[in-house]
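This report walks through the fold and the ligand surroundings of the structure shown below. Please keep the sequence and the model side by side while reading.

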Amino acid sequence: MNVTVGRVESFNAAHRLYNPAWSDEQNVAFFGPCSNANYHGHNYVLTVRLTGAPDAATGYVYDLKDLSRLIKREILDTFDHRNLNLDTEDFRQLNPTAENIARVCWQRLRPHLAPHLALSVTLHETDRNFVEYHG
Ligand SMILES: Nc1nc2c(c(=O)[nH]1)N=C([C@H](O)[C@H](O)COP(=O)(O)OP(=O)(O)OP(=O)(O)O)CN2
């Protein structure tokens, strides 16, 4: 029997969508105000889901308190109240789209979870825009 457990967290961060191979005009034409040279912010909502069989002794798939600590250590402590382009190594060379942020969050968590647990990450960038990454 597999069960999915999850945790919702949030972080505030600034970013600019920008492809350095393009001119500023091309960037603005494609990314619009998301390419504003002076950056802009989002209240990101991150949902982390773990799927696996509940442990016979505890009934837990994964202790959600431990998941909370892991997300804080691996993601919130690095991204919350930061400029993703300027303040983080993860996005110095990587465009901080919602897709890329979700993938980076997944990559930061995966090494700390047992292989039998399936991991997926959902990132809401706005109330209406979200992406999912399953690895
Ligand atoms: N595939 C992607 N498309 C878009 C991304 C992205 O990361 N991946 N990002 C953006 C913008 O950064 C931002 O998320 C969108 O802002 P906005 O258009 O203001 O979205 P809202 O939901 O707040 O407003 P609506 O008016 O409802 O669109 C754009 N695309």
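## Helix packing

Helix H2 passes helix H4 in a right-handed crossing. The contact is made on the H2 side by Leu 70, Glu 74 and Ile 75, and on the H4 side by Cys 105, Arg 108 and Leu 109. By class, the residues of this contact of H2 with H4 comprise four nonpolar and two charged ones, with no polar residue. All of this is read from a predicted model.

How is the packing of two helices described? In general, two packed helices are described by the angle between their axes together with the distance between those axes. For H2 and H4, the angle is about 120 degrees and the axes are 10 Å apart.

The strands form an open sheet of five, in the order S3-S1-S2-S4-S5, and the pairing is mixed. Strand S3 (82–83) and strand S5 (130–133) stand at the edges, and because each has a single partner strand, one side of each is left without a neighbour in the sheet.

Strand S1 (residues 3–15) and strand S2 (residues 40–52) run antiparallel and are joined by 13 bridges; within this pair, Thr 4 stands opposite Thr 51 in S2. S4 and S5 also run antiparallel, with four bridges joining them, and here Thr 122 stands opposite Glu 132 in S5.

Helix H2 (residues 64–79) lies across S1, S2 and S3, and its direction runs at about 20 degrees to that of S1. Helix H4 (residues 98–109) also packs on the sheet, where it touches S2, strand S4 (118–124) and S5, and its direction makes about 145 degrees with that of S4.

## Around the ligand

Which residues are found around the ligand? They are Leu 17, Cys 34, Thr 97, Ala 98, Glu 99, Glu 125, Thr 126, Arg 128 and Asn 129. Taken by class, this shell around the ligand is made up of three nonpolar, three polar and three charged residues. Among the residues around the ligand are Ala 98 and Glu 99, which fall within the span of helix H4 (residues 98–109).

Note on methods. Residues are numbered from 1 along each chain as its sequence is written. This is a predicted model: local features need pLDDT of at least 70, side-chain atom pairs count only at pLDDT 80 or more; totals for chains, interfaces and linings use all residues. A residue is near a molecule or strand if its C-beta atom, placed from the backbone, lies within 6 Å of it. Ala, Val, Leu, Ile, Met, Phe, Trp, Tyr, Cys and Pro count as nonpolar, Asp, Glu, Lys and Arg as charged, and the others, Gly among them, as polar. Two strands pair if DSSP finds at least two bridges between them. Helices (H or I, at least four residues) and strands (E, at least two) are DSSP runs, numbered from the N terminus. Two residues are in contact if their C-beta atoms, placed from the backbone, lie within 7 Å. Axes are lines fitted to C-alpha atoms, for helices over the stretch in contact, and angles run from 0 to 180 degrees between N-to-C directions. A crossing is left-handed if the near helix is turned anticlockwise from the far one by less than a right angle, and right-handed if clockwise.
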